[in-house]
Structure formats: structure tokens, C-alpha cells
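The sequence and structure are shown first.

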Amino acid sequence: MAGKQQNRDRWRRYWNKTSASYDKQMRFYDRLLADSRPWVCDQATGDTLEVAIGTGLNLPFYPTEVELTGTDLSPAMLGVAQTRARQLGRTVDLREADAQALPFPNASFDTVVCTFSLCAIPDERRAVSEMTRVLRPGGLLLLADHIAAASWPVRAIQRMIDVVTVPLQGEHYLRRPLRQVQAEGLQVERRERFKLGIIERLAAHKPAAE
Ligand SMILES: C[S@@+](CC[C@H](N)C(=O)[O-])C[C@H]1O[C@@H](n2cnc3c(N)ncnc32)[C@H](O)[C@@H]1O
């Protein structure tokens with residue numbers, strides 16, 4: 001338990017430190033991600049939770065009528081998201097929270113969004129399980145991330161990158177969120193993979209109650 005807390009504190013410090021330069025770093029990566037931010041946000045409806053919202057780079061893309069809540073481990077990242085929301089004239093309920101233990105009752109949201117963060121959350125299985133728990137029956141989970149590539153030579157390179165990035169940045173290149181989504185019993189409605197299969201975006205429904 002103490003180890004988990006220390007781990008959380010370490011990554012909180014890391015993301016607090018990264019918050020000032022994050023938007024600049026993402027200007028390069030967002031070109032690789034293509035139109036993934038609007039692809040995800042356009043599908044959000046109703047009460048929407050964005051998990052690990054970071055500096056709020058998705059905020060400009062949400063339809064105006066969605067009611068937005070955003071969580072993140074890092075108060076500094078949330079501070080940048082708050083400034084962005086104010087500049088956009090957008091109301092967002094921003095809260096500091098660990099994606100692995102979301103502070104919301106079951107079935108609280110119509111849509112849950114998580115972009116480019118499952119690669120950074122230590123226990124991504126737990127995080128997807130929490131996202132599923134807080135979704136209402138019939139609700140939509142929307143994910144976009146970099147994942148393990150389609151071909152083994154590229155995966156071999158990703159494995160070498162992981163050796164450095166996992167301990168230094170908490171960044172994982174070989175994850176496959178689809179497996180967790182399917183294990184949670186969600187129904188995948190749309191799934192796209194591109195850039196050698198490294199970028200994946202998907203929309204999956206939580207089955208409606210019987
Ligand atoms: C690469 S950034 C992505 C930010 C944003 N989702 C985006 O699309 O630009 C990863 C984010 O995950 C957050 N994060 C890392 N571990 C987390 C955790 N256990 N719980 C909640 N947020 C976490 C970091 O603070 C950071 O804001």
C-alpha cells in the first residue's frame with residue numbers, strides 16, 4: 001500500500017513538472033495522432049467524464065452541450081486545463097483523482113473519454129475497469145492511444161524504447177487497451193488503427209441493463 005502511494009506521488013511530481021512544457025511537446029505528437037481528438041470528442045454526449053484530462057487539449061473539440069467533468073493525478077496539469085477552459089468559455093468540473101480509483105458512484109456518466117493516458121497509468125486494467133464501472137448501461141467509452149504496433153519488427157523497437165521510458169517516464173509502448181475493453185464486456189462499435197497500427201482509437205458501448 002505504502003509502495004503504491006509512493007509510486008503515485010512519484011508520477012504526480014513527474015506530471016507536475018511536465019505540465020509547463022506538455023502542450024509544446026504535444027504539438028509534434030498531435031500530428032501523428034491525426035484527427036483523433038475531434039474523432040473522440042465529437043462522439044461524446046450527455047454527462048461526460050474525461051479521465052486523465054491533462055492540460056485539456058481535447059476541450060476545444062467537445063460539443064457545447066456536453067456536461068464535462070475532468071480528472072487527473074496532477075494538480076499542475078489540471079491548472080493548465082482550468083486556464084484553457086476559462087479561455088474557451090467552457091465550464092468543466094475539474095478534480096484531482098487517480099484513474100485507478102475514480103471518486104464517482106457506479107453508472108454516473110453517459111460517456112467516458114481517455115486519450116493518450118492509458119499508456120501512462122500504471123495499472124491500465126484497473127483504469128479501464130473503473131471507467132466501465134462509472135459508465136451508465138448503454139454508455140459509451142471512447143479511447144485513443146498509442147499501442148503495440150501491428151508488426152513484430154516495430155514491436156521489437158517499441159520493446160527497446162520501453163526499457164528506457166517505463167522507468168523514467170512511466171510511459172508504456174506495448175499496451176493493448178482493446179483487450180481490457182473486451183474483458184470488461186464492452187461492445188466495440190468502431191475501431192481504427194493507423195501509423196503502422198501504433199495509433200488506435202475506439203468507441204465501445206457498455207451493454208444496456210436487461
Ligand atoms: C500523456 S498525458 C495525456 C493528457 C491528455 N489526456 C491528452 O490527451 O493530452 C498523461 C496524463 O495522464 C495523467 N496520469 C498519469 N497517471 C495517472 C493516474 N494514475 N490517474 C490519473 N491521471 C494520471 C498525467 O498526469 C497526465 O496528465
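**Cysteines**

The model is a predicted one. The sulfur of Cys114 lies 8.2 Å from the closest cysteine sulfur, that of Cys119, which is too far for a bond, because a disulfide requires two cysteine sulfur atoms within 2.5 Å. Cys114 has a relative accessible area of 1% and is therefore buried.

The structure contains zero disulfides. Cys41 accordingly takes part in none, and its nearest cysteine sulfur, in Cys114, is 12 Å away. With a relative accessible area of 0%, Cys41 is buried.

**Overall fold**

Six helices and seven strands make up the secondary structure of the protein chain. Along the sequence, their order is α-α-β-β-α-β-β-α-β-α-α-β-β. The radius of gyration of the protein chain is 16 Å, close to the 17 Å given by the globule rule for 210 residues, so the chain is as compact as a globular protein of that length.

The C-alpha atoms occupy a box of roughly 40 × 40 × 35 Å along the principal axes. Among contacts between residues at least 6 apart in sequence, 67% join residues at least 24 apart.

**Burial and surface**

Of the 210 residues in the protein chain, 50% count as buried. The accessible surface amounts to about 10,500 Å², and carbon and sulfur atoms contribute 54% of it.

A nonpolar surface patch is formed by Phe28, Tyr29 and Leu32, which together have about 290 Å² of accessible area. Leu32 belongs to helix α1, spanning residues 2-32. Leu32 counts as partly exposed, at 38% relative accessibility.

Key. Residues numbered from 1 in each chain as written. Predicted model: local features only at pLDDT ≥ 70, side-chain atom pairs only at ≥ 80, totals over all residues. Heavy atoms only, no water. Buried < 20%, exposed > 50% of the residue type's maximum accessible area, 1.4 Å probe, protein only. Patch = residues over 30% accessible without salt bridge, like charges linked within 9 Å, V, L, I, M, F, W, Y side chains within 5 Å. Areas by Shrake-Rupley, 256 points an atom, 1.4 Å probe, with all protein chains shown as cover. Salt bridge = Lys/Arg side-chain N within 4 Å of Asp/Glu carboxyl O. Helix = DSSP H or I, 4+ residues; strand = E, 2+ residues; numbered from the N terminus. Rg over C-alpha atoms; globule rule 2.2 N^0.38 Å. Contact = heavy atoms within 4.5 Å.
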